[in-house]
Amino acid sequence: MQPLVDDGMVDEVLYQLMSGKEAQVYVVRCGDQTRCAKVFKEAAKRSFKQAVKYQEGRKVRNSRRARAMSKKTRYGQKEQEDAWLNAEVDALYRLAAAGVRVPEPLGFVDGVLLMELVTDEDGRAAPRLDDVTLSPEQARDFHGQIIREVVRMLSAGLIHGDLSEFNVLIDANGPVIIDLPQAVNAAGNNNAERMLERDVDNMRRYFGRFAPELLNTDYGKEIWALYESGDLHPDSKLTGCFQHDDTAANVDELMEIIDAAKEEEWERQERMRDAEED
């Protein structure tokens with residue numbers, strides 16, 4: 001936190017708000033404003049692993065950094081760590097610009113993310129969704145809001161990847177999505193569809209505790225189908241229903257596709273070996 005104090009971005013640390021698998025969060029004073037500072041833990045002390053499935057599709061502009069990150073050198077590990085930390089910052093700025101309800105990012109210095117403090121209607125730090133008891137009406141309302149935020153996120157090209165009742169805050173106007181270091185690039189990640197459906201299913205199961213009729217919805221597959229067809233936009237009207245395709249797969253055609261892909265990969269590797277020998 002000291003670099004932020006030295007730079008005049010933070011005047012006083014008021015108290016620790018929470019400690020999680022990724023970071024410790026503090027409430028800080030910045031002039032006459034109360035804000036939030038998220039201090040990321042060192043990689044060795046974090047329990048959430050930098051799984052390859054989350055990192056797939058993330059762009060690294062500098063080719064030297066990209067090469068280093070593919071290796072297990074000390075420099076490469078440091079570059080990978082920096083890229084992982086910057087992912088949440090980049091996601092927050094991108095989503096805030098897209099109108100998604102996330103905390104407003106205010107700066108990122110030496111592993112500390114300074115951002116808006118999300119508060120409840122009394123001005124206190126907003127509770128997590130898991131700490132709130134909901135009526136059926138509130139559950140239906142909040143679930144609808146979350147689904148709209150998921151659609152806005154995907155329209156902006158991102159999937160949360162770890163969405164649950166533990167990383168949603170409830171402020172005076174409803175849900176605010178937090179904790180985005182594992183945000184997934186929807187267009188460049190082979191696991192994107194599965195992660196989106198898991199995020200949506202997590203929300204369905206949670207809100208379904210209070211409004212059981214939500215358990216019969218299938219927004220995840222509906223949202224992805226619209227995205228895949230190019231018809232998804234931030235204001236897309238959803239039904240919560242999805243017609244599953246029960247058509248039997250053409251196994252022979254599928255095997256031909258697999259064999260062609262294997263042959264293409266073999267030829268690619270041959271070209272790489274020839275290039276290395278030259």
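**Exercise 1: a residue in a helix**

Ala225 has a relative accessible area of 30% and is therefore partly exposed, a class that lies between buried (under 20%) and exposed (over 50%), computed with a 1.4 Å probe and protein chains only. The model is a predicted one, in which local features need pLDDT of at least 70, side-chain atom pairs count only at pLDDT 80 or more, and totals for chains, interfaces and linings use all residues. Residues are numbered from 1 along each chain as its sequence is written, and side-chain values use heavy atoms, with hydrogens and water left out.

Task: find the helix that holds Ala225, and state how far Ala225 is from Phe242 in sequence and in space.

Solution: Begin with the helix, which is H7, spanning residues 219-228; helices here are DSSP runs of H or I with at least four residues, and strands are E runs of at least two, numbered from the N terminus. Then turn to Phe242, which is 17 residues from Ala225 in sequence, while their C-alpha atoms are 8.9 Å apart.

**Exercise 2: Glu264**

Task: decide whether Glu264 is buried or exposed, and locate Glu264 in the secondary structure.

Solution: Glu264 has a relative accessible area of 56%, so it is exposed. Glu264 belongs to helix H8, which covers residues 251-277.

**Exercise 3: the whole protein**

Task: describe the secondary structure of the protein and the share of its residues that is buried.

Solution: First, the secondary structure consists of eight helices and nine strands. Next, of the 278 residues, 40% are buried.
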